Amino acid sequence: TVMVTHDRNEALALAGRVAVLINGRLRQIGLPGEVFSSPVDEEVAGFVGVENILLGTVVAQKDGIASVSIEGRQVEAVSQLLPGAAVTVCLRPEDVTLSIPEPKAAASTARNRLSGRLVTTSHLGSQVRVTLDCGFPLVALITQRSCAELGLAPGREVVASFKASSVHLIAKSSVFQTTDAI
């Protein structure tokens, strides 16, 4: 059965395989989890709901963790890309956790902790879309309850945390090709 939809949640829930078409061109084919977490380029990333699409450069590589410089800030990502690689950094807003700065941060498996300032909030039913300035724009998607408990309002200082495994890097020379059949 072939089903056509623009509803990302519907595609994730029902599809065995996903094909992304943009402007009549097939851009990516794969399992839903692969396409949604590892888009092949910036356009596909935006189409599947990645809101944090940033340009960076790999500055270090150690044990499968790449350090990427974005506007002078460092972000770590699971990647084998080597220093000097120009990359697009993709991070889904639901993978970003917010907290209030504390003198001693709680233990966490999140390798990335960026201090920032809250710029805007947009209420979306049970969730809140939060835009931060961390030296570069960063979008988080949190619950209404978390927003209220943290007392979030424009200008508030926050810490954005996310795991290195949540960051997807696309090498700027990456060109999509597939031999998969639909």
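Arg-27 is buried, with a relative accessible area of 12%; here buried means under 20% relative accessible area, exposed means over 50%, and partly exposed lies in between, using a 1.4 Å probe and protein chains only. Before we follow this residue further, please note that the model is predicted: local features need pLDDT of at least 70, side-chain atom pairs count only at pLDDT 80 or more, and totals for chains, interfaces and linings use all residues. Residues are numbered from 1 along each chain as its sequence is written, and side-chain values use heavy atoms, with hydrogens and water left out.

Back to Arg-27, which forms a salt bridge with Asp-41, with 2.5 Å between the closest N and O atoms. A salt bridge is a side-chain nitrogen of Lys or Arg within 4 Å of a carboxyl oxygen of Asp or Glu. This pair links distant parts of the chain, 14 residues apart: Arg-27 sits in strand β2 (residues 25-30), and Asp-41 in the loop between α2 (32-37) and α3 (42-47). Asp-41 also counts as buried, at 13% relative accessibility.

A search of the whole structure finds eight salt bridges. One of them joins Glu-94 to Arg-92, whose closest N and O atoms are 2.6 Å apart. Glu-94 is partly exposed, with a relative accessible area of 39%, while Arg-92 counts as buried at 16%. Another brings together the side chains of Arg-145 and Glu-149, at 2.8 Å from N to O. Arg-145 and Glu-149 both lie in helix α4 (residues 144-150), four residues apart, or about one turn of the helix, and both are exposed. Salt bridges that share partners also join Arg-27, Asp-41 and Glu-43 into one network.

Now let us step back to the whole chain. Its secondary structure comes to four helices and 12 strands; these are DSSP runs numbered from the N terminus, helices being H or I with at least four residues and strands being E with at least two. The radius of gyration is 17 Å, close to the 16 Å that the globule rule gives for 182 residues, so the chain is as compact as a globular protein of that length. That radius is taken over C-alpha atoms, and the rule is 2.2 Å times the number of residues to the power 0.38. Of the 182 residues, 38% count as buried.

Among the strands, look for an open sheet of five, in the order β5-β4-β3-β6-β12, with antiparallel pairing. Two strands pair if DSSP finds at least two bridges between them. At the edges stand β5 (73-78) and β12 (168-171), each with a single partner strand, so one side of each is left without a neighbour in the sheet. Within the sheet, five bridges join β3 (residues 52-62) to β4 (residues 65-70), and these two strands run antiparallel. Ala-60, for instance, has Ser-67 in β4 as its bridge partner.

Strand β3 also holds Asn-52. Is Asn-52 buried or exposed? Asn-52 is buried, with a relative accessible area of 2%. Its side chain reaches the backbone nitrogen of Val-139 at 2.6 Å, a polar contact, that is, a pair of N or O atoms within 3.5 Å; within protein, one must be able to donate a hydrogen and the other to accept it, and residues adjacent in sequence count only if both atoms are side-chain atoms. Not counting residues up to four places away in sequence, Asn-52 touches several residues, among them Val-89, Cys-90, Arg-92, Pro-137 and Val-139, where contact means heavy atoms within 4.5 Å.
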